Amino acid sequence: MKLLTALTAVSNLPPDVRVPVSDRAAQEPVMRIGMPAGQAWPLDDMLASLLMVSANDVAWAMAECSGGSVDGFAAQGNALMRRLGATDGRFGDPAGLSDRSAYGGGSRLSPWDLAVLGRNALAVPAIAGPAGTVELRFTDVAGRPH
């Protein structure tokens, strides 16, 4: 689901966008990168955090920025899945949660959907780069090293 979140964000946001962090995004449970509300982060740092540490706070911030709301982002993600040929899944929670706390009842993907999304994600340099990186260091907008 994090790959679908990344693909949806990259498909709908300009690469130089600074993604604002809402109170809701900052409060997401672990895994998280610890972005404080009110900051705006570069998309490339957020993608790396999403893909390398499965940061739920990043997933929510990108969803809210891309879709205007998490519902809007879920609609973007579901439309992208269909356009790419993923036919069985349903996108709901940008963090990929599927338990009782999951937004919109969670998400689900079939093995076919996973293969389609994985193939397409690896064709996007902004996703393939962090996905193939063993270690990445960056300094966030507040000057904290990650």
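A: The side chains of Asp140 and Arg144 form a salt bridge, 2.9 Å from N to O (a side-chain nitrogen of Lys or Arg within 4 Å of a carboxyl oxygen of Asp or Glu). Asp140 is buried at 4% relative accessible area, while Arg144 is partly exposed at 34%. Buried means under 20% relative accessible area, exposed over 50%, and partly exposed in between, with a 1.4 Å probe and protein chains only.

This is a predicted model, so local features need pLDDT of at least 70 and side-chain atom pairs need 80 or more, while totals for chains, interfaces and linings use all residues. Numbering runs from 1 along each chain as its sequence is written, and side-chain values use heavy atoms, without hydrogens or water.

The whole structure holds three salt bridges. One of them pairs Glu28 with Arg24 at 2.3 Å, N to O. Glu28 is buried at 4% relative accessibility; Arg24 is partly exposed at 37%. Another joins Glu135 to Arg137, with the closest N and O atoms 2.7 Å apart. Glu135 and Arg137 are both exposed.

Now the helix itself. H4 covers residues 56-67. Helices (H or I, at least four residues) and strands (E, at least two) are DSSP runs, numbered from the N terminus. The 12 residues of H4 should span 16 Å at 1.5 Å a residue, and the end C-alpha atoms are 16 Å apart, which agrees. The expected span is 1.5 Å times one less than the number of residues.

How enclosed is H4? Largely, because nine of its 12 residues are buried. They are Asn56, Asp57, Val58, Ala59, Trp60, Ala61, Met62, Ala63 and Ser66. Their cover includes helices H1 (2-12), H2 (23-26), H3 (43-53) and H5 (70-84), plus strand E1 (18-20). Contact means heavy atoms within 4.5 Å.

Ser54 sits in the loop between H3 and H4. Its phi is positive, about 60°, although Ser54 is not a glycine. Ser54 is partly exposed, at 30% relative accessible area. Just after H4, Gly68 also takes a positive phi, of about 80°.

Leu43 leads back to H4. Leaving out residues up to four places away in sequence, Leu43 touches Leu13, Pro14, Pro15, Val17, Val19 and Met62.

H1 is part of the cover over H4. The buried residues of H1 are Lys2, Leu4, Thr5, Ala6, Leu7, Thr8 and Ala9. Their own cover includes H3, H4, H5, H6 and helix H7 (125-131).

A cis peptide bond joins Val30 to Met31, with omega about 0°. Ala40 lies in E2 and is partly exposed at 28%. Beyond its neighbours within four places in sequence, Ala40 contacts Arg18, Val19, Pro20 and Val141. Ala40 and Arg18 are 22 residues apart in sequence and 5.3 Å apart in space, C-alpha to C-alpha.
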